[in-house]
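The entries follow in order of topic.

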Amino acid sequence: MIELKQQRLLVNGRAQLILAGEIHYFRLPRNEWADRLSKLKSAGCDTLSSYIPWICHEPLEGQLDLVGHTRPELDIGAFIDLAKEFGLGFIARPGPFTMAEMKNEGLPYWLYQKHPEIIPSGWDGTKATTPTVDYLSPLFLEEARRWYDQVLSIISPRLESKGGNVVALQLDNEIGMLSWVTNIPDLTEVTLEDFGQWLKGRYPYKDLKARYPFDLDQPQERGKALRSPEESYAAALFRDLGHYQRGRYARYVNTLRGYAEAAGVTGIPFLVNVHGTGGGRGFGFPIGISQLLETWQGPDTLVGSDLYLGNLTADNFQDLFLCNAYLKATLGDRQLLCSAEFECGDGDYGGVQGNRYDPSAVDLKTRMSIAQGNRLLNYYLFAGGINTPYDPPPGDGDDLMATNGERHGNAAPIKWDGSLSYTWPRMARVIKTMAAWGPHLAEMDEEHDPLRLGFIPDYFMTEARYPRSEKMREIAVNLEGHRMYGAWECFIRAMLLANYRFPAIDLQKKVITPITDPVIALPSARYMDPMVQEKLGRFVQAGGRLLLYGEVPLFDMEGRPCTTLADLLGLRVVESLRGSEKVLLSLHADSWAAPRPQVRTHEAQTLEAPGSTVLFRLHGGGEPVAVDLLAGQGRAIVIATALACDIPFYQEALTRLGATAGLQQDSGDTGLFMTSTVNPQGERLIHVLNLDGYEKRFRIRLNGRRIQGGASITLGGRDGLMLPHDLSIGPVKVIYSTAEMISIDEAGFTLRSPGPHGHLLLKGAKGATSLGPARIRQRGDFTQIRLEGPVEALRIDLL
């Protein structure tokens, strides 16, 4: 039995990490399956994952092969059974969509030929330019149900809850992604009729007539008005369509779930995955969260990220942090973070011998994601393979089953021919390290300082925008400019490099109080929902503290004037300014923010806030653009300008608001990410990542006190450490260690220490010995170990 409970993944009642790898059986000769599974196991993984592409198993309608009678490698049951022989769990991903470079994104050709009406129309009646379909078309759903009935008849008897090894079932793949990236929303006649009914249920009759001045019951008029909206109601449609599509995606997922349950799939979690990363950045990921927000409201739904971020460096580490934090903010109390596709390759997807990642890429991303609470990582793509010819040939130029040539997975750690990439050793080391600590990590939660990052999902509800609407463009451009970019790369990056540990909170859903959320930091745009404005203003009035960065909101989300937050804070926006080649906006620091050098900015709101302390003024006129003010029983620091990544300033601002970083390092340098995880017994792991390419030395303080024996820690460029603090391993208690334990068993452990010296203090470890460069000293019940020189794998044996 697999359950989700209190953000834990319980397998037969015990918390567990799942470390999986994606291997596509249909791209490998059957006689090579065992080799790839053996390599997966040797890397430290405990679970296998694979898409099950409809297009491969039913190339012609009614000619279904799930047992290998046309091609031996299509015997999906045999693949799952072989995984069980290797002691591996299995994550089944039967679509209907699979993507994975498959043609038609995994749907069979005959489906479109038989039901051309399932292809959506978008703005101005434009047909979809991708293989997307109308998810709730009765014709599509009937075919999808038949596919599920067939494929799940193979999977259902093999569920973990029935004695098998299938531990999760994914419901479709990257839902809504194709319509978003093309800006062609699903506006078929079936959809628009349903949307009209949804609007009638949402608004009173008179309000609806004023909102949409046309007949929603007349198909021709409705179609023209909604596919080619006029400016008078464009902003309303922008918002309503986004909310409606969220519910529509949820209905689709619930329909697939119903098919799965009817086929006997129970006792395992269902998985939904979120898209949006690419090009080494995560700016689009919260759009995926916003799109699919309502699909995981069921408590036993696993929500998996698709994370493609390349190298983890000081440029983009905050992107990975935010992908995890924002997603976690939307989950229920029982649900947990996981990653359905966790990039693990070398980056050379096109086979051009370029864009190759550093070996540290998967190592550092694994460390951060596990520290933030991911309980399942599916390393994707773990093994390459061969795209075989499609039968019958589609006559599309190459006649293969996929779009990227014969060889697939050029960047995978295991190449198409079974050879290993240069990324393999570092990847295998970190997976084995996480597996060794799995029982501890599965019971731990990230520790947080008294700081919360506000998340407004509707700020990212911009995936469907009518190209001819200036009103939609104006709102979307402002939201895009303030929900990310400078907010991520200056404001949030500064807080992380100051070593603050904080979660994100969903401001649309969560009840916020000064007790539970003492300090809230929020990237803010010109637009904000009145409810959120009211909530934040009342929070400050009641004694909460707010750090607002970006713009003070002046409008609601449809562009109607709304200054509720400003009014409750007792401030007024006088003017909004933007710099240009001829107008070089520049800032002078004032009061406690001074002295600081004059700095450029590209935008600012000038403020009027009687009784406030001015922090920054515009050069020339001296108009305030950042203020520190009191409102009711609370306090707010409002930065209504684009301010650089000034770590000391943000640190001072947060300290004045009452938030200090409990975990600190003294390297005198930036580029170190640190956090800590703790279990119910108060046992702790310290997680440190060096994001830069050069070595750093530092000591660590926790709540003002030096820990890890006060010893200096040396960490090489692009390396990470996970260090135990007051943590028990069986009968032995690790008081501290500056070396990482990369394997643990009943007889001892293996250490990795990148610095010239490693220090450990153990209690209850009598008889510790080592054949390597270690000085071991016994003092009563305590054992001191000093490592001489850097060590990659030094064994310490215990009696």
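I took helices (H or I, at least four residues) and strands (E, at least two) as DSSP runs, numbered from the N terminus. The model is predicted, so I required pLDDT of at least 70 for local features and 80 or more for side-chain atom pairs, while totals for chains, interfaces and linings use all residues. Residues are numbered from 1 along each chain as its sequence is written, and side-chain values use heavy atoms, without hydrogens and water.

**Cis peptides.** I looked up proline 392 and placed it in the loop between strand 12 (385–386) and strand 13 (407–408). A cis peptide bond with omega of about 10° joins aspartate 391 to this proline 392. I noted another cis bond from alanine 594 to proline 595, with omega near -5°. Proline 595 lies in the loop between strand 20 (586–589) and strand 21 (599–600).

**Positive phi.** Asparagine 104, not a glycine, has a positive phi of about 60°. I found asparagine 104 in the loop between strand 6 (89–93) and helix 4 (109–114). Its relative accessible area is 16%, so asparagine 104 is buried (under 20%; exposed is over 50% and partly exposed in between, with a 1.4 Å probe and protein chains only). Arginine 718 also has a positive phi, about 50°, and is partly exposed at 25% relative accessibility.

**Aromatic pairs.** I searched the whole structure and found 38 aromatic pairs. Rings of Phe, Tyr and Trp (its six-membered ring) pair if their centres lie within 6.5 Å; planes under 30 degrees apart count as stacked, over 60 as edge-to-face and the rest as tilted. One of the pairs, tryptophan 33 with phenylalanine 79, is edge-to-face at 5.0 Å centre to centre and 65° between the planes. Tryptophan 33 lies in helix 1 (residues 33–42) and phenylalanine 79 in helix 3 (residues 76–85), so the pair ties together parts 46 residues apart in sequence. I recorded tryptophan 33 as buried at 2% and phenylalanine 79 as buried at 0%.

**Helix packing.** How do helix 10 and helix 16 cross? The axes of helix 10 (residues 231–262) and helix 16 (residues 470–483) come within 8 Å and cross at roughly 40°. Axes are lines fitted to C-alpha atoms, for helices over the stretch in contact, and angles run from 0 to 180 degrees between N-to-C directions.
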